[in-house]
Amino acid sequence: MKLRITLGLGLVIVSGVWNVGQGQQLREAFRKVEHAVVIVRTAQKELAPYPQEGMVSLNGLGSGVLVSSDGKVLTAAHLVQSADAIVVEFADGTVIPARVAGTTISADIALLQLERPPLNLAPATLADSDQVAVGDEIFVVGAPYGLTHILTAGHISGRYTVNKGTENTVVEFLQTDAAVNRGNSGSPLFSLNGEVIGIVSRIMSTSGGSEGLAFGATSNTARRLLLEQKPFWFGIEGFLVDGSLAKALNLPQPAGILVQRVAEGSIAWRWGIHAGTLRANVEGEELVLGGDIILSVNEVAVEEGDGSCDRIYSSISKLKPEENLAIKLFRRGQIVKLSIPVAP
């Protein structure tokens, strides 16, 4: 904070003491939570970029945070949604395999379940993010560019609510000016008392690096969508097709989700959902064609825009253990109906 010279030396001294105290508080908070912050490493096979042919192996890297003693980790959905294999690395070098327990695409958050819980590590505490306000000081811990357990500090600079249709689909995002870069996907946003208030989703950037505009789903959004109700992971990477492209693909309805790839071990993989087989550039978009096109789930039709995806997710979360997932697909010009058990 800059002070006018005319305020006098006394006020400058008070300000200096306050800054030292703030730094000590930040240091203590970091020490409290650093062992709960993890690196998330992913691997998957997919078609080579157009115009190459064949399959390639891709590795992904992001961050996450341990939130329960039985091995639950929150991270970003886009990091793990279509991953074939995931490992989580802790600050002491311990590496534990993990699987996706659930994702919510609209909030871009995912819940991982570790193969075994880590020993003698205290999970981070989820805060009540309704108490967070613009101007609050926060810090982020993650793995930008693969550098482990890097701390950046800043403020909450904005707050946004989207998908206000029903309580189960309300998603809140926090905006921060703390430096966030590649590798920070899934990083926890912490309050100065060391509680998780959000999970980093993405940045707005023209350079690819931090420009002071980063966003994360609030802790209450994560708690409500992934911890307080049954989590679900379908395991596909999809592309919403509508308009002229939907007509070109002869869809029997205005919109559908074109399956780009299917993650090994997911529900979609176990029950034979077909991924695309041919990369192409369509109207400036890099797409994989030839896969199934999802028309509806649980009789909720895919529609233009993002709203139907949230309604589909809400319908899945309400399924009882003995009920099946009903999916209608468009496959090679034919409508195919599948009834898929949600349980493994």
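**Entry 1**

I looked up Glu-172 and found it buried, with a relative accessible area of 13%, where buried means under 20% relative accessible area, exposed means over 50%, and partly exposed lies in between (1.4 Å probe, protein chains only). I noted that this is a predicted model, in which local features need pLDDT of at least 70 and side-chain atom pairs count only at pLDDT 80 or more, while totals for chains, interfaces and linings use all residues. Residues are numbered from 1 along each chain as its sequence is written, and side-chain values use heavy atoms, with hydrogens and water left out.

Which residue does the side chain of Glu-172 meet in a salt bridge? I found Arg-159, at 3.7 Å from N to O, a salt bridge being a side-chain nitrogen of Lys or Arg within 4 Å of a carboxyl oxygen of Asp or Glu. Glu-172 lies in strand β10 and Arg-159 in strand β9, so the pair ties together parts that are 13 residues apart in sequence. Helices (H or I, at least four residues) and strands (E, at least two) are DSSP runs, numbered from the N terminus.

I then saw that Asp-130 also forms a salt bridge with Arg-159, the closest N and O atoms being 3.8 Å apart. Asp-130 lies in the loop between β7 (125-126) and β8, and Arg-159 in strand β9, so this pair ties together parts that are 29 residues apart in sequence. Asp-130 is partly exposed, with a relative accessible area of 48%, and Arg-159 counts as partly exposed at 28%. I wrote down that Asp-130, Arg-159 and Glu-172 are linked in a network of salt bridges.

**Entry 2: The strands around β9**

I followed β9 to its partners, taking two strands as paired if DSSP finds at least two bridges between them. β8 and β9 pair in the antiparallel sense over six bridges, and here Glu-137 stands opposite His-155 in β9. β9 and strand β10 (residues 171-176) also pair in the antiparallel sense, over six bridges, with Gly-158 opposite Gln-175 in β10.

In the loop between β8 (137-142) and β9 (150-162) I found Leu-147, which counts as exposed at 52% relative accessibility. Tyr-145, Leu-147 and Ile-150 make a nonpolar surface patch of about 310 Å².

**Entry 3: Strand β1**

I looked next at Arg-41 and Glu-89, whose side chains meet in a salt bridge (3.2 Å, N to O). Arg-41 lies in strand β1 (residues 37-47) and Glu-89 in strand β4 (residues 85-89), so the pair ties together parts that are 48 residues apart in sequence. Both count as partly exposed, Arg-41 at 31% relative accessibility and Glu-89 at 21%.

Is Thr-42, by contrast, buried or exposed? Thr-42, which lies in strand β1, counts as buried at 7% relative accessibility. Leaving aside neighbours within four places in sequence, I found Thr-42 in contact (heavy atoms within 4.5 Å) with residues including Leu-58, Asn-59, Leu-79, Val-80 and Ile-86.

**Entry 4: Helix α3**

How many of the nine residues of helix α3 are buried? I found that seven are, so that this helix (residues 219-227) is mostly covered. Among the buried residues of α3 are Ser-219, Asn-220, Arg-224 and Leu-226.

How values were computed: Patch = residues over 30% accessible without salt bridge, like charges linked within 9 Å, V, L, I, M, F, W, Y side chains within 5 Å. Areas by Shrake-Rupley, 256 points an atom, 1.4 Å probe, with all protein chains shown as cover.
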